[in-house]
Amino acid sequence: MSISIPFLTAQEFYDRVSPVRAVRALRDTLRAGFDPAADHQRISNKLSSGEFLLMPSEAGENAGIKVLSVAPDNPARNLPRIQGTYILFDSETLTPRQLIDGVALTNVRTAAVSLAAVEDALLEREGPLRVVLYGAGQQGMSHLLTLRAVLEGRREIESVTAVVRSTRSYAHLEDIEVAAAGSARAEEATAAAGLVICTTTARQPLFDAQLINPCAVVVAVGSHEPDARELPAALLGRSTVVVEDIATALRECGDVVMAIAEGELSAQDLVPMARAVREPQLLRGNGPVVFKSSGMAWEDLVLAGAAVEAESE
């Protein structure tokens, strides 16, 4: 018996799962009682030209796995560094239901997770919001798009500053100030920011901890190895630190791992994302709020399910 599995292209996925829909789907899943700690671990397998990343998950009527390839030399070949596909299954029969462009799913998911985690903190604070993006690539722009969609009509975004290594590479950005990394202007913008989003490949802290004001929200998604970080340990030490899952953060998130190793943070201080969504008052204490994202398989599954649901509406 042959099975024909429909394929959802990148554009079709973007059309079906808006940023707002993605954020709502993630928050609704956590509010309904899903526990990210029960999720399956991602699997990484080295290949001669890179690696495979496999991300399996199961929740409710759906099961799924994202298969990504990472080929570091591809940009020189004019090919994407990351490529892949998501396979959605019926959880009872394990029959494939849908194939989805894996990169589009990842692009939407990463930013949606960040906003799902910090939405309450952003709305609890008052006044126009100044935003600083460290990194203005695909993920930086995806975060900005999602932020604007989620805050529309709820909180004004006063300004956006992108901090990048080469300002000439980003002269095309509209309505966004561009500042060179390490410049006085970058430090000034960071100190005044109500939201700092870090989506870089940095392995060392991007800025001094004392630049971040006590009312700021900081999102870090770039590092996903225990020996790489975007944020200084001292910042995590004076912040409410939210992570998707504590065990995952202790295994994969260098920002968290190194802050603990340096005595600025303890595992007991970490707030699971599910608890932060269900108990938003936890994000109303003194000091900054930091969300350190690792990316988890359940998030892809939720958005894959949302894409299928959108087809029947």
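Visitor: Which residues in helix 10 do Arg21, Ala22, Ala25, Leu26, Thr29 and Leu30 in helix 2 meet?
Guide: First, a heads-up: this is a predicted model, where local features need pLDDT of at least 70, side-chain atom pairs count only at pLDDT 80 or more, and totals for chains, interfaces and linings use all residues. Residues are numbered from 1 along each chain as its sequence is written, and side-chain values use heavy atoms, leaving out hydrogens and water. Helices (H or I, at least four residues) and strands (E, at least two) are DSSP runs numbered from the N terminus, and contact means heavy atoms within 4.5 Å. With that settled, the partners in helix 10 are Trp298, Glu299, Val302, Leu303, Ala306, Glu309 and Ala310.

Visitor: How do the residues of that contact of helix 2 with helix 10 divide by class?
Guide: Ala, Val, Leu, Ile, Met, Phe, Trp, Tyr, Cys and Pro count as nonpolar, Asp, Glu, Lys and Arg as charged, and the others, Gly among them, as polar. Sort the contact of helix 2 with helix 10 that way and you get nine nonpolar, one polar and three charged.

Visitor: At roughly what angle do the axes of helix 2 and helix 10 cross?
Guide: An axis here is a line fitted to C-alpha atoms, for helices over the stretch in contact, and angles run from 0 to 180 degrees between N-to-C directions. The axes of helix 2 and helix 10 come within 10 Å of each other. Their crossing angle is roughly 120°.

Visitor: Is the crossing of helix 2 and helix 10 left-handed or right-handed?
Guide: Picture the near helix lying over the far one: turned anticlockwise by less than a right angle it gives a left-handed crossing, and clockwise a right-handed one. For helix 2 and helix 10, the crossing is right-handed.

Visitor: What span does helix 2 reach from its first C-alpha to its last?
Guide: Helix 2 (residues 19–31) has 13 residues. The expected span of a helix is 1.5 Å times one less than its number of residues. That gives an expected 18 Å here, and helix 2 comes close to it, reaching 18 Å.

Visitor: Which helices do the buried residues of helix 2 pack against?
Guide: Buried means under 20% relative accessible area, exposed means over 50%, and partly exposed is in between (1.4 Å probe, protein chains only). In helix 2, the buried set is Ala22, Val23, Ala25, Leu26, Arg27 and Leu30. They pack against helix 3, helix 4, helix 9 (273–278) and helix 10 (297–311).

Visitor: How does Asp28 count at 43% relative accessibility?
Guide: Asp28 lies in helix 2. Asp28 and Val302 are 274 residues apart in sequence, yet 9.8 Å apart in space, C-alpha to C-alpha. Since the relative accessibility of Asp28 is 43%, Asp28 counts as partly exposed.

Visitor: Which residues of helix 4 make the contact with helix 2?
Guide: Helix 2 and helix 4 pack at an angle of about 80°, with their axes 8 Å apart. That makes them roughly perpendicular; the cut-offs are under 35 degrees for roughly parallel, over 145 for roughly antiparallel, 65 to 115 for roughly perpendicular, and oblique for the rest. On the helix 2 side are Pro19, Val20 and Val23, and on the helix 4 side are Leu145, Thr146, Ala149 and Val150.

Visitor: How is helix 3 placed relative to helix 4, oblique or roughly parallel?
Guide: Helix 3 (residues 102–124) and helix 4 (residues 138–151) pack at about 45°, with their axes 9 Å apart. Because of that angle, helix 3 is oblique to helix 4. The crossing is also right-handed, so the label to remember for the angle is oblique.

Visitor: Which residues is Leu115 in contact with, leaving aside its neighbours within four places in sequence?
Guide: Leu115 sits in helix 3, and at 3% relative accessibility Leu115 counts as buried. Across space, Leu115 and Val20 are 9.4 Å apart, C-alpha to C-alpha, though 95 residues apart in sequence. The contacts of Leu115 are Val23, Leu122, His143, Thr146, Leu147 and Val150.

Visitor: Where does Asn78 lie?
Guide: Most residues other than glycine have a negative phi. Asn78 isn't a glycine, but its phi is positive, about 65°. At 74% relative accessibility, Asn78 counts as exposed. Its place is the loop between strand 4 (62–70) and strand 5 (82–90).
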